[in-house]
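Morning, everyone. Please look at the screen while I talk you through a few helices.

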Amino acid sequence: MDDDAAVPTRPGPRETWAGLPWPVRTAVTWSACLLVVAAGLWLLGQIAVLLAPLAVALAGTLFLTALLDPVLVRLRRLRVPAGLAALLSVLLLLGILVGAGVLVWNLTASQFGELSQQLDEGLQRTRDFVTSSLPVTDQQLDRLVEQVSKGLSGSAPDPVAGAQKATEVVGALLLALVLLFFLLKDGRSMWQWVLRRLTGPRRAVTAEAGRAGWRTLGAYSRGTMLIAAIDAIGIGLALVVLRVPLALPLALITFLGGFVPIIGATVAGAVAVLVALAANGPTTALFTLLAVIAVQQIEGNLLEPLVMRRQVQLHPAVILVVVTAGTLIAGVAGAFVSVPIAAVLWRVLDTVQQHRSGRAADAPA
């Protein structure tokens with residue numbers, strides 16, 4: 001008898017894998033892919049936290065570059081040299097920001113203290129309404145406020161950390177200004193240098209994705225500024241008509257809140273309603289709330305689709321998650337830049353996917 005015939009052969013890894021039921025193989029494959037994606041996202045998150053000032057400075061620079069690009073193009077059409085055109089664009093931005101800041105400060109500096117007092121009164125009236133209408137006692141509210149205050153005080157940075165954070169912010173602002181000048185001056189040549197390093201179909205798809213992402217960023221930056229200004233004017237006029245005090249500071253808060261989608265508008269509207277409640281009572285507060293809702297509905301259903309022209313297509317749930325993640329990573333600055341980053345990435349990935357789908361459809365069967 002042959003001894004080799006009596007020895008059973010052990011199945012190899014491929015035979016074992018092929019012998020598994022297909023639901024098990026599918027579950028294992030998807031689980032492995034999700035683990036790899038989660039590990040990659042975790043690593044990117046850690047890098048973003050470590051380099052948050054640099055990342056925010058770069059994102060803010062790209063945002064401002066897209067905003068000032070039409071100005072640069074018009075200056076270049078007038079045969080202004082590239083360096084001078086970039087410098088004039090940066091100086092124009094600084095002039096607008098400094099001029100608007102000085103004007104608003106001179107008009108409203110004395111009113112911000114009154115704004116804080118009005119907010120305190122509005123919160124007190126809200127507290128009285130809650131305790132009188134809901135089964136909540138003053139002691140329970142006091143304990144809740146005390147817990148929140150302890151949490152905020154425990155998370156507040158010490159003076160050394162605060163000074164370090166202020167230094168990081170100043171450094172990020174200076175870095176953003178320098179990068180803004182160079183991107184305006186040499187951004188197109190830098191992009192062409194990147195494209196020349198690519199060959200074959202990669203160059204075409206990279207160029208197409210880059211153009212789509214840049215158009216999206218430009219549409220978002222200019223559209224967001226326009227919509228924020230319209231919101232501020234609309235709510236400011238409503239406050240003036242309703243004779244709510246501090247209309248100009250509240251309009252300024254509304255304008256700044258317009259750069260943080262959904263959350264910013266909600267917070268600004270809540271501040272306006274609280275001031276109206278404290279100053280003129282519940283009737284004026286109700287009309288202020290209706291005015292805020294009307295302006296936001298006009299913005300969301302008419303202005304945003306018209307101004308953005310479907311360049312920025314993100315679901316509100318995605319926007320909320322992105323804004324929250326940006327706030328956790330880099331605070332207020334992260335909330336400002338998170339949505340344009342997500343919109344550009346989505347447009348770039350969508351363009352690459354469409355390009356690949358078109359190539360697959362054109363390929364011979």
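This is a predicted model: local features need pLDDT of at least 70, side-chain atom pairs count only at pLDDT 80 or more; totals for chains, interfaces and linings use all residues.

Start with helix α10, residues 247–257, and helix α11, residues 263–280. How do we describe such a pair? Two packed helices are described by the angle between their axes and the distance between the axes. Here the axes come within 8 Å. They cross at roughly 165°. Angles over 145 degrees count as roughly antiparallel, so α10 is roughly antiparallel to α11. The crossing is right-handed.

Which residues meet? From α10 we have Leu250, Ile253, Thr254 and Gly257. From α11 come Gly264, Ala265, Ala268, Val271, Ala272 and Val275. Of the residues in this contact, seven are nonpolar and three are polar. None is charged.

Now pick out glycine 264 again, one of the α11 contact residues. Alanine 335 is 71 residues away from glycine 264 in sequence. In space, their C-alpha atoms are 9.3 Å apart. Alanine 335 sits in helix α13, residues 316–362. Is alanine 335 buried or exposed? Its relative accessible area is 6%. Buried means under 20%, so alanine 335 is buried. Setting aside neighbours within four places in sequence, alanine 335 touches Val260, Val323, Gly326 and Thr327.

Last, the check. Helix α9 covers residues 201–241, which is 41 residues. At 1.5 Å a residue, α9 should span 60 Å. Its end C-alpha atoms are 59 Å apart, so the two values agree. After α9 comes arginine 243, with a positive phi near 60°.

Conventions: Residues are numbered from 1 along each chain as its sequence is written. Side-chain values use heavy atoms; hydrogens and water are left out. Axes are lines fitted to C-alpha atoms, for helices over the stretch in contact, and angles run from 0 to 180 degrees between N-to-C directions. Helices (H or I, at least four residues) and strands (E, at least two) are DSSP runs, numbered from the N terminus. Angles under 35 degrees count as roughly parallel, over 145 as roughly antiparallel, 65 to 115 as roughly perpendicular and the rest as oblique. A crossing is left-handed if the near helix is turned anticlockwise from the far one by less than a right angle, and right-handed if clockwise. Contact means heavy atoms within 4.5 Å. Ala, Val, Leu, Ile, Met, Phe, Trp, Tyr, Cys and Pro count as nonpolar, Asp, Glu, Lys and Arg as charged, and the others, Gly among them, as polar. Buried means under 20% relative accessible area, exposed over 50%, partly exposed in between (1.4 Å probe, protein chains only). The expected span of a helix is 1.5 Å times one less than its number of residues.
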